[in-house]
Amino acid sequence: MKSVAILRTNKEYLSVIADIKHKIKKAQYKAILSANSEMVLLYWQIGGIINSKAFWGSKFIDNLAKDIKNDFPFAKGYSVRNLKYMAKFAKIHTDAEFVQVALAQITWYHHITLMDKIKDAKAYLWYVSETIKNGWSRNVLVHQIESELYKRQIENKKVSNFAKTLDYPQNELATQTLKDQYIFDFIDFRDKMIEREIENELVKNVTKLLLELGEGFAFIGNQYHLEIGNDDFYIDLLFYNLNLRCYVVIELKTGEFKAEYAGKLNFYLSAVDSVLKKDCDNASIGILLCKTKNNIITEFALKDMSKPIGVSEYKIFKKLPGKYKNIFPAKKEIEQKLGWSSR
């Protein structure tokens with residue numbers, strides 16, 4: 001009985017310790033978020049004061065940086081450069097409540113990146129929202145901006161039949177998820193690559209592939225086998241999207257879009273809905289990735305398809321040949337020489 005009591009006590013103790021550790025980690029995370037929120041709000045307030053004294057001339061910021069350093073010698077973040085960012089931040093965003101509630105959820109370094117790279121206000125706020133939703137690091141945010149994610153996912157026209165084949169709000173969610181072009185710059189490109197080789201490279205870099213596909217995608221398999229009518233069929237790439245609550249079938253083509261590709265993908269979707277889809281799942285969605293597409297031909301091809309299909313282009317960049325790789329300095333080296341590494 002005593003050993004049972006000790007065992008029960010140990011289990012209870014471990015449970016209590018685990019609960020306390022969880023609460024500590026949660027509190028630490030909240031403290032970090034709170035500290036960041038306070039800092040962003042403070043920087044916004046300082047920026048507002050600087051803007052209100054703009055008539056004092058440019059030397060005002062220089063003197064301010066020196067005086068702050070004299071009174072707070074160990075405080076960081078009050079250089080002339082950063083003070084100018086504060087002024088710019090306050091000029092862009094004028095609503096204090098919005099700054100505190102929405103913009104303060106990402107770090108100041110995220111905002112510096114956005115101020116440097118994004119001029120359009122809608123795009124700025126969209127990237128803020130996506131950063132919060134996906135938990136992007138600053139490096140990931142830079143990558144998404146440089147790959148023109150906002151343009152590819154929001155501005156550019158997308159070709160699909162989602163509006164016709166899916167009910168609301170699934171049709172809108174699917175359209176928002178689709179990009180008009182996917183950037184596979186992480187693939188080791190070789191001339192005359194065949195579809196299977198590109199597919200293998202995507203699978204080899206599945207983490208980067210999932211980042212490019214967007215939020216909610218979970219990889220299930222490539223060359224996924226389905227047996228229909230005693231015949232074998234193989235899906236290039238099969239995913240499940242947790243937000244859309246459905247299977248996503250991706251077919252990859254190395255050339256220009258052809259109408260018959262849509263028919264084959266329509267068949268695969270019927271097969272997945274018949275074999276894999278459960279009652280709790282929404283209708284499966286297909287994405288056909290081609291090197292190029294004619295939008296008019298693509299729209300005609302999808303017009304009478306019964307299954308939801310989107311057609312997008314993908315882009316792979318050629319890497320420098322080995323003999324040229326060491327001629328150009330690395331990105332990190334350039335940033336250090338320009339004094340950007342401390343950001």
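Buried means under 20% relative accessible area, exposed means over 50%, and partly exposed lies in between, with a 1.4 Å probe and protein chains only. At 64% relative accessibility, Cys-280 therefore counts as exposed. Cys-246, at 0%, counts as buried.

## The model

This is a predicted model: local features need pLDDT of at least 70, side-chain atom pairs count only at pLDDT 80 or more, and totals for chains, interfaces and linings use all residues. Residues are numbered from 1 along each chain as its sequence is written, and side-chain values use heavy atoms, without hydrogens and water.

## Overall picture

The protein has 15 helices and seven strands. Both are DSSP runs numbered from the N terminus: helices are H or I with at least four residues, strands are E with at least two. Of the 343 residues, 38% are buried.

Contact means heavy atoms within 4.5 Å. Take the contacts between residues at least 6 apart in sequence: 64% of them join residues at least 24 apart. The accessible surface is about 20600 Å², and carbon and sulfur atoms hold 55% of it. These areas come from the Shrake-Rupley method with a 1.4 Å probe; for residues, only the protein chains shown count as cover.

## Strands 3 and 4

Two strands pair if DSSP finds at least two bridges between them. Strand 3 (residues 217-228) and strand 4 run antiparallel, joined by ten bridges.

## Strand 5 and its partners

Strand 5 (residues 246-252) is mostly covered, with seven of its seven residues buried. Strand 4 (residues 231-241) runs antiparallel to strand 5, and five bridges join them. Here Leu-238 stands opposite Val-249. This hairpin has four residues between the strands, and Arg-245 takes a positive phi near 55 degrees.

Strand 5 also pairs with strand 6 (residues 285-290). Those two run parallel, again with five bridges. Ile-250 has Ile-287 in strand 6 as its bridge partner. Strand 5, helix 13 (residues 259-275) and strand 6 make a right-handed β-α-β unit. Right-handed means that, with the strands pointing away from the viewer, the path from the first strand over the helix to the second runs clockwise.

## Aromatic rings

Rings of Phe, Tyr and Trp (its six-membered ring) pair if their centres lie within 6.5 Å; planes under 30 degrees apart count as stacked, over 60 as edge-to-face and the rest as tilted. The structure holds 16 aromatic pairs. One of them joins Phe-89 and Trp-108 edge-to-face, at 5.2 Å centre to centre and 85 degrees between the planes. Phe-89 lies in helix 3 (residues 80-92) and Trp-108 in helix 5 (residues 108-117), so the pair ties together parts 19 residues apart in sequence. Both residues, Phe-89 and Trp-108, are buried. With Tyr-43 and Tyr-78, they form one aromatic cluster.

## Ser-147 and the cysteines

Ser-147 sits in the loop between helix 7 (138-146) and helix 8 (149-155). At 10% relative accessibility, Ser-147 counts as buried. Leaving aside neighbours within four places in sequence, Ser-147 is in contact with Arg-152 and Ile-183.

A disulfide is a covalent bond between the sulfur atoms of two cysteines. The rule used here asks for a pair of cysteine sulfur atoms within 2.5 Å. By this rule the count is zero disulfides.
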